[in-house]
Amino acid sequence: MLERLNQAMDHIEAHLDETIDVAELARIAATSEYHLRRMFSALAGTPLSEYVRRRRLTVAGAEVLAAREPLLEIAVRYGYGSGEAFARAFRAMHGVGPGEARRTGAALVSQSRLTFRLTVEGSSSMRYRVVDRPAFTVVGLKARVPLVHAGPNQAIIDFVRGIEPRTLERLEKLSDQEPRGIVAVCDDLDPSRAEGTELDYYQGVITSADALDGTTVLSVPAGSWAVFTVSGPVPQAIQNLWRDVFTEWFPSNPYRSRPGPEILHTRLSPDKTEADAELWLPVEREEGRRYEPSARTA
């Protein structure tokens, strides 16, 4: 898979002055567009779209300093419809406008080209199972919150604190399917997985019962799920588990992510600093995949 990811990176480099078709990148990488975006974000630490934008502005910056072509021609070549739009994007990345950069020979910021390589990982084992589930329903309370990759998500904390304990008690009685009890469900995430993009967050249960008044229903179709377990400090252990799933587990197993909600069941310690957690991620099998060591960027 890493060889194909690097072929996709080559394709990006060869087409920086054209529209980058993510579907074509996914075809080159021999995976789905959804999984490609997820894998790239986890491995590179930045969304695919942001990487392409920064690579374009890096190459455009070199052409601005070379002073061989008008600024507007460079702007159009790299996908900007006007000199003003190009100048805003250029300044946002480089800290200086293209005109000033050309006049003064200012130092610019460079986004290095990414190459994926193999490293030997796996010094600790990852506990998981894969289960096939029929369609099921999530019933709970819903909020639209920003995505936070590291550290507490204050929007989620405030939302959960605002739920009356009696409401959670009534919901918990409806739980009749695995994972049982109150669960956190994240759905409708932005494909870029960029920090600050929004998602639907549910605090609820998986049930076959009818919804309570004032709750929201999320219908989830049948499919396969990879179930991971972890114990450790909150929220670091859970956030690290999500990272390790994409940087270590997916490259080493014949599965890829598919669209669907992510489900987390957490049992907190009495002082609420530690947790035993179970993470459910929607997956599908990739036939013909060779196993590979973990992937990192270089």
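Modeller: Helices (H or I, at least four residues) and strands (E, at least two) are DSSP runs, numbered from the N terminus. This is a predicted model, with local features needing pLDDT of at least 70 and side-chain atom pairs pLDDT 80 or more, while totals for chains, interfaces and linings use all residues. Residues are numbered from 1 along each chain as its sequence is written, and side-chain values use heavy atoms, leaving out hydrogens and water.

Biologist: Where is Arg-267 placed, and is Arg-267 buried or exposed?

Modeller: Arg-267 belongs to residues 262–268, which is strand 9. Buried means under 20% relative accessible area, exposed over 50%, partly exposed in between (1.4 Å probe, protein chains only). Arg-267 has 51% relative accessibility, so it counts as exposed.

Biologist: Which residues does Arg-267 touch, leaving out those up to four places away in sequence?

Modeller: Contact means heavy atoms within 4.5 Å. Not counting residues up to four places away in sequence, Arg-267 touches Glu-274, Ala-275 and Asp-276.

Biologist: Which residues touch the most other members of the largest nonpolar core?

Modeller: Such a core is a set of buried Ala, Val, Leu, Ile, Met, Phe, Trp, Tyr and Cys residues joined through side-chain atoms within 4.5 Å. The largest one has 71 residues, and those touching the most other members are Ile-12 and Phe-86.
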